[in-house]
Amino acid sequence: MMEKKMVMEWARLLMNYKFALDEVETKLTILNEELQFVQHYNPIEHLKTRIKTPESISEKLLRKGLEVTTANAIAHIRDIAGVRVTCSFSADVYHVYEMISRQSDVQVLEVKDYIQNPKPNGYQSLHVIIQIPVFLSDRIEHVNVEIQLRTVAMDFWASLEHKIYYQFHEDMPESIREQLKDTAHMIASLDQRMMGLNEEVKRLANPLSGLLRS
């Protein structure tokens, strides 16, 4: 009986995170479609969601030296539900973040800007932990969701780095580490160049915009 109760407890926990993930995905989709309609421009290229498995949650709690309980999962693991948002340009990353953070039912708990301050291996992304209300039949649950925002180029690098890392784990040769870091710098430079090119295209397409702003 106790085992069945525990299974139900974990199932309900993950269900709440799924509902929160659905809400965040809907919010982002609405913002993207609105901008497409109003400005003929969609900053979001792709959306990908995921929820950690009970096994993954348990492993993370044990690594933290904590007992495997749903209460500890809620209190100590903020990325049970995650959304990866892939944007065209780094300016879009910050624009999407600003739009979602301004919504009245969204509380921003934490921001880690690995674009302005990349990780030592060269990884770039904007990580945001938000909390949103999930309205259930008998109560309101406030649930954390992690949003990772990055450009197409950053996502390309991160995906390949992840595959290479798991080939070597902790024994990655230093030469490979250095090449990955150099490639991350190249991608950052490419991102800036493409964003500048996009601004130039917009300026040429609407030559009066600069005059109107001045």
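In what order do the elements of the protein run from the N terminus on? The order is α-β-α-α-β-α-β-β-β-α-α-α, as found in a predicted model.

**Figure 1. Overall view of the predicted model.** Seven helices and five strands make up the secondary structure of the protein. Taken along the principal axes, the box filled by the C-alpha atoms is roughly 70 × 50 × 20 Å. Of the 214 residues, 36% are buried. Contacts between residues at least 6 apart in sequence join residues at least 24 apart in 64% of cases.

**Figure 2. Surface and charged side chains of the protein.** The accessible surface comes to about 13400 Å². Carbon and sulfur atoms account for 56% of this area. The side chains include 25 positive and 30 negative ones, and a distance of 1 Å separates the centres of the two sets.

**Figure 3. Strand β4 and its pairing with β3 and β5.** Strand β4 spans residues 126-135, and eight of its 10 residues are buried. Strand β3 (residues 107-113) pairs with β4 in the antiparallel sense, over six bridges; Glu110 has Ile129 of β4 as its bridge partner. Strand β5 (residues 140-151) also pairs with β4 in the antiparallel sense, over 10 bridges. Here Ile132 has Val143 of β5 as its bridge partner. A hairpin is formed by β4 and β5, with four residues between them.

**Figure 4. The largest nonpolar core of the protein.** This core contains 37 residues. The members that touch the most other members are Val24, Leu28, Ile57, Val85, Ile130, Val145 and Leu149. At least two core residues are supplied by each of α1 (2-39), α2 (54-63), β2 (81-87), α4 (90-101), β4 and β5. Helix α1 provides the largest share, with 10 residues. In soluble globular proteins, nonpolar side chains tend to be buried together.

**Figure 5. Surroundings of Leu28.** Leu28 is one of the residues that touch the most other members of the largest nonpolar core. When neighbours within four places in sequence are left aside, Leu28 is in contact with Ile44, Leu47, Val83, Val85, Val96 and Ile100. Among these contacts, Val85 is likewise one of the core residues that touch the most other members.

**Figure 6. A second, separate core.** Nine residues form this core. Tyr114, Tyr123, Ala153 and Met172 are among them.

Conventions
Residues are numbered from 1 along each chain as its sequence is written. This is a predicted model: local features need pLDDT of at least 70, side-chain atom pairs count only at pLDDT 80 or more; totals for chains, interfaces and linings use all residues. Side-chain values use heavy atoms; hydrogens and water are left out. Buried means under 20% relative accessible area, exposed over 50%, partly exposed in between (1.4 Å probe, protein chains only). Two strands pair if DSSP finds at least two bridges between them. Contact means heavy atoms within 4.5 Å. Accessible areas come from the Shrake-Rupley method with a 1.4 Å probe; for residues, only the protein chains shown count as cover. Lys and Arg count as positive and Asp and Glu as negative; His and the chain ends are not counted. The place of a charge is taken as NZ of Lys, CZ of Arg, CG of Asp or CD of Glu. A nonpolar core is a set of buried Ala, Val, Leu, Ile, Met, Phe, Trp, Tyr and Cys residues joined through side-chain atoms within 4.5 Å.
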